[in-house]
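Some questions about ring contacts follow. Look at the sequence and structure first.

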Amino acid sequence: MAGAKENVSLLFKLYCLTVMTLVAATYTIALRYTRTSDKELYFSTTAVCITEVIKLLLSVGILAKETGSLGRFKTSLRENVLGSPKELMKLSVPSLVYAVQNNMAFLALSNLDAAVYQVTYQLKIPCTALCTVLMLNRTLSKVQWISVFMLCGGVILVQWKPAQATKVMVEQNPFLGFGAIAIAVLCSGFAVLASVGGLYTSVVVKYTDNIMKGFSAAAAIVLSTIASVLLFGLQITLTFALGTLLVCISIYFYGLPRQDTTSIQQGETASKGRASGV
């Protein structure tokens, strides 16, 4: 994994960063736009189902291209899918969680502005961090813990006096929207532990680092805010601006690589040894 990241060119990393940012921002804005139009609303479950069907077809197409022939394609399906019922059962758990998470996203964006949603949804970072600490016995650095509390403080500021969208005329329930985000965040934190996620996310995880992913999340928040101002008449408040800034900073610091203290300690020990010898 580390070798793959080192061998990737800067241009390809920038490409991944750009696409990842545009996908996150466009998805949120488009979903918000379609959920607040004055036309008859579509069923969110139908949209989620169609999305998964498209991903399935794309996955089948990629597998067919990689195998190169119909015979090897059938063999791969038989061995890795049909012949592995236990693995399918394991994958069904995160799949169910993702289904709930995606439906909650539709409910949240029906009741919250896209920019508010983008900022609040970053609670998935502390949620995932807590899951890794409690379930996988991993540790967080001091900087990461500070970033987690900063992020939570930023979200509180954003939700304290939510920014209002003057061009949205449909009835909204901010409490329902925040509750939907809370459920989606919990699902996200659990599902990340079980699987990687979408097709493009797997490429991003393989070829980019945490700093780039954090920068992408912050850039998506900025783009969503700009689009919300232009499309939905979002009125930015001081608390929203401060909260958003805190969230963006915390995302950056949380993704910083840990300092390798082992080599530092060894160097200090060697220096003390030479000093005592003198």
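A charge sits over a ring if NZ of Lys or CZ of Arg is within 6 Å of the ring centre and within 35 degrees of the ring normal. This is a predicted model: local features need pLDDT of at least 70, side-chain atom pairs count only at pLDDT 80 or more, and totals for chains, interfaces and linings use all residues. Residues are numbered from 1 along each chain as its sequence is written, and side-chain values use heavy atoms, with hydrogens and water left out.

Q: Over which ring does the charged end of R35 sit?
A: The charged end of R35 is 5.0 Å from the centre of a ring. That ring belongs to Y42.

Q: How many aromatic pairs does the structure hold?
A: Rings of Phe, Tyr and Trp (its six-membered ring) pair if their centres lie within 6.5 Å; planes under 30 degrees apart count as stacked, over 60 as edge-to-face and the rest as tilted. The number of aromatic pairs in the structure is three.

Q: Are the rings of Y42 and F106 stacked or edge-to-face?
A: Their centres are 6.1 Å apart. Their planes meet at 90°, so the pair is edge-to-face.

Q: Is F106 buried or exposed?
A: Buried means under 20% relative accessible area, exposed over 50%, partly exposed in between (1.4 Å probe, protein chains only). Y42 has 32% and is partly exposed. F106 has 7% relative accessibility, so F106 is buried.

Q: What is the angle between the planes of Y252 and F253?
A: Y252 and F253 form an edge-to-face pair, 5.5 Å centre to centre. The angle between their planes is 70°.
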